[in-house]
Amino acid sequence: MSADTPRRIVLLRHAKAEWSQDSDHERPLADRGRMDAPAAGRRLAGTGITPDLTLCSTAARTRETWKLFVSELPQRPKTVYDERLYEASLGELLALLNETADDVQDLLVVGHNPGMHALADALAGEAEGDLLARMNRSGFPTAAMAVIEFTGSWKSVEHGVGRLVAYLTPHE
């Protein structure tokens with residue numbers, strides 16, 4: 001793929017998790033999360049986007065979200081579980097995106113807030129219609145997705161590089 005290949009980043013916040021006595025990293029999904037995760041997968045499948053690669057946090061709630069989400073996609077992308085996604089700062093998330101191989105056209109990231117919201121907001125230099133305002137008003141709820149398009153290499157991903165083309169929440 002050339003440096004001017006159009007690419008997409010799908011940022012998915014994990015589905016609703018239980019509050020438990022377990023460590024935060026080991027919190028499972030709540031019943032609502034187990035319903036919302038496959039619904040979010042169906043919504044992405046409906047867009048026609050088929051990720052080439054998924055980066056998923058190692059937290060229990062993100063792994064469970066991904067398992068339920070991916071079952072709704074027409075094909076399963078290569079999946080990398082990366083502990084750096086758990087509690088990642090905006091700078092750390094950008095660095096992870098910059099590590100993506102240029103043969104990846106569409107990347108899906110399954111992570112946590114506030115990181116997913118901050119990353120979507122930072123990357124979206126432009127947005128279709130009122131998507132950016134809607135995303136910022138909603139606060140990026142559980143099982144929400146932002147789809148950002150950009151042109152260039154993954155190493156060039158930085159603030160304002162993309163266009164927010166979709167913002168999907170499970171209860172729209």
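These legends walk through several close-up views of one predicted model.

Some ground rules come first: in this predicted model, local features need pLDDT of at least 70 and side-chain atom pairs count only at pLDDT 80 or more, while totals for chains, interfaces and linings use all residues. Residues are numbered from 1 along each chain as its sequence is written, and side-chain values use heavy atoms, with hydrogens and water left out.

View 1. Strands (E, at least two residues) and helices (H or I, at least four) are DSSP runs, numbered from the N terminus, and two strands count as paired if DSSP finds at least two bridges between them.

**View 2. Strand E4 and its covered faces.** All 6 of the 6 residues in E4 (residues 106-111) are buried, meaning under 20% relative accessible area; exposed is over 50% and partly exposed is in between (1.4 Å probe, protein chains only). In a regular strand the side chains alternate between the two faces of the sheet. In E4, Asp106, Leu108 and Val110 point one way, and Leu107, Val109 and Gly111 point the other.

**View 3. E4 with E1 and E2.** E1 (residues 6-13) runs parallel to E4, with 6 bridges joining them; look for Leu12, whose bridge partner in E4 is Val110. E2 (residues 53-56) also pairs with E4 in the parallel sense, over 4 bridges. Thr54 has Leu108 as its bridge partner in E4, and Cys56 stands opposite Val110.

View 4. The bridge partner of Leu55 in E3 is Val80.

**View 5. Helices H3 and H4 crossing.** The axes of H3 and H4 come within 9 Å and cross at roughly 70°; axes are lines fitted to C-alpha atoms, for helices over the stretch in contact, and angles run from 0 to 180 degrees between N-to-C directions. The two helices are therefore roughly perpendicular to each other, a label for angles of 65 to 115 degrees (under 35 is roughly parallel, over 145 roughly antiparallel, and the rest oblique). Leu90, Leu93, Leu94 and Leu97 in H3 meet several H4 residues, including Met116, Leu119 and Leu123.

**View 6. The nonpolar cores.** A nonpolar core is a set of buried Ala, Val, Leu, Ile, Met, Phe, Trp, Tyr and Cys residues joined through side-chain atoms within 4.5 Å. The largest one has 29 residues, and Leu11, Leu97, Leu107, Leu123 and Phe140 touch the most other members. E1, E2, H3 (90-98), E4, H4, H5, E6 and E7 each supply at least two residues of this core. Apart from it lies another core, of 17 residues, among them Val10, Leu108, Val147 and Val165.

Technical notes
Contact means heavy atoms within 4.5 Å.
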